[in-house]
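Hi,

Here is the structure I promised to pass on. Have a look at it first, and then read my notes below.

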Amino acid sequence: MATDQVLTGSAPAGESGAAAEPRRPRPARLPSLTGLRFPAALAVFAHHAFLPIPPLRLLADDRTEYRLADWFGQSGGLGVAFFFVLSGFVLTWSARDSDTTTAFWRRRFVKIYPIYVVAWALAMLLFAGSYTSTRVAVANLFMVQVWVPSYFTNFSVDSPSWSLAVEAVFYLCFPLLLHVFRRIDPRRLKYWIAGAIAAVVATPALAYALFPKTPPVPSGQVLSVSQYWFAYVLPPVRMADFALGILVALAVRHGRWRNIGMVRSSLLLAGGYWLTFHVPYLYGQRATMILPIVLLIAATATADIEGRFTLFRNRAMVRLGEISFAFYLLHYTALSTLRKTLGTQHMYSNTAGFAMLFGTAAVTVLLSWVLYSTVEAPLMRRFSRSRRSKAG
């Protein structure tokens, strides 16, 4: 597909099934989904805050530390899977027939990359520069650290940034994926959605079966570096999450989605998270939670479409959702810098440790707001559209 073609395109001739399907009214924005981003970012924060490793650990009490590490051991996987599915859903929802591929890529670049570079520079300056090789630092800067099965490359510099490198691949592929998926008869979307979910669930089985069991991951889980890389990091594999978001958005638009509501979806998500404690590690990373994540995103979007109350549509939650991207990229640097400043030889009581973690989260929120207000929002206003399109 040429880069100047229309991004979404009109329905092809002869697509009578799709044309005949009634579509739900499509509001321009889904504020509750924006608000829901911040709890997902907090889940990733909690995962890193309680990792029992010297560069991050604060609590002296082993029992509390390892219990919390166990409780939040899969909250990072939950947050990442949520963001991947949500990304596909929201981009599909906001796509317009008049948009072009180059215009879409321009907006994504302006929104994502400047903050990514700022977060990379801060991490290198504050803690990662002293032990990161030039090769790994440059790989992170250009978002290619996810293409090799190397744990200390995948999660280097600003550790959470690996998921943005994966998202960059999603953005490159989105125009083509949307063009293809829009040609699917809406009555058959349920089969495609089921297939995408099956692909997610099958990924751990393939990783365990096809890849060697050594060397083990440094985190102590019973799996190898290559198994973890394939099932959790590799962009083409994680594309199933993103594609699932696209397909579900199309199903909601066409009225082909059976909504079970936010409460039931949340309860199912809690149940899916509980299952992570009872399955092999890679299944817990996303397989047990992927269906509840999809259900919750669709239910939240439907609530906005129908104008029903949600806890995430108020001004405070929407603003927190808007800064959640910056929060996601800055929180690991904040935690690591705190630990480095205090010195790794000192541990703290539960009260002092929790107070410092709460304070770190609050400071990160403030810094994220500053970064959003001074970098992301101004650059989006100034550069998200070309001069030609502004003149038009």
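Let's start in helix H15, where Arg319 and Glu322 both sit, 3 residues apart, or about one turn of the helix. Their side chains meet in a salt bridge, with 2.8 Å from N to O. Arg319 counts as partly exposed because its relative accessible area is 38%, which falls between the 20% and 50% cut-offs. Before going on, please keep in mind that this is a predicted model.

Glu322 has another partner as well: its side chain also forms a salt bridge with Arg29, at 3.8 Å from N to O. Is Arg29 buried or exposed? Arg29 is exposed, since its relative accessible area is 53% and the cut-off is over 50%. Put together, Arg29, Arg319 and Glu322 are linked in a network of salt bridges.

How many salt bridges does the structure hold? There are 11. As a general point, side chains of opposite charge can pair when their charged atoms come close.

Now for the inside. The largest nonpolar core has 118 residues. Which of them have the most contacts inside it? They are Phe89, Trp162, Val248, Trp257 and Ile293. Helix H11 (residues 235-253) gives the most to this core, contributing 13 residues.

Leaving out residues up to four places away in sequence, Trp162 touches Val80, Phe84, Gln145, Val146, Asn154, Phe155, Tyr232, Val233 and Arg238.

One last stop is Thr276, in the loop between helix H12 (262-275) and helix H13 (281-287). Thr276 is buried, because its relative accessible area is 8% and buried means under 20%. With residues up to four places away in sequence again left out, Thr276 touches Gln74, Gly284, Thr288 and Met289.

Cheers

Note on methods:
Residues numbered from 1 in each chain as written. Predicted model: local features only at pLDDT ≥ 70, side-chain atom pairs only at ≥ 80, totals over all residues. Heavy atoms only, no water. Salt bridge = Lys/Arg side-chain N within 4 Å of Asp/Glu carboxyl O. Buried < 20%, exposed > 50% of the residue type's maximum accessible area, 1.4 Å probe, protein only. Helix = DSSP H or I, 4+ residues; strand = E, 2+ residues; numbered from the N terminus. Contact = heavy atoms within 4.5 Å. Core = buried A, V, L, I, M, F, W, Y, C linked by side-chain atoms within 4.5 Å.
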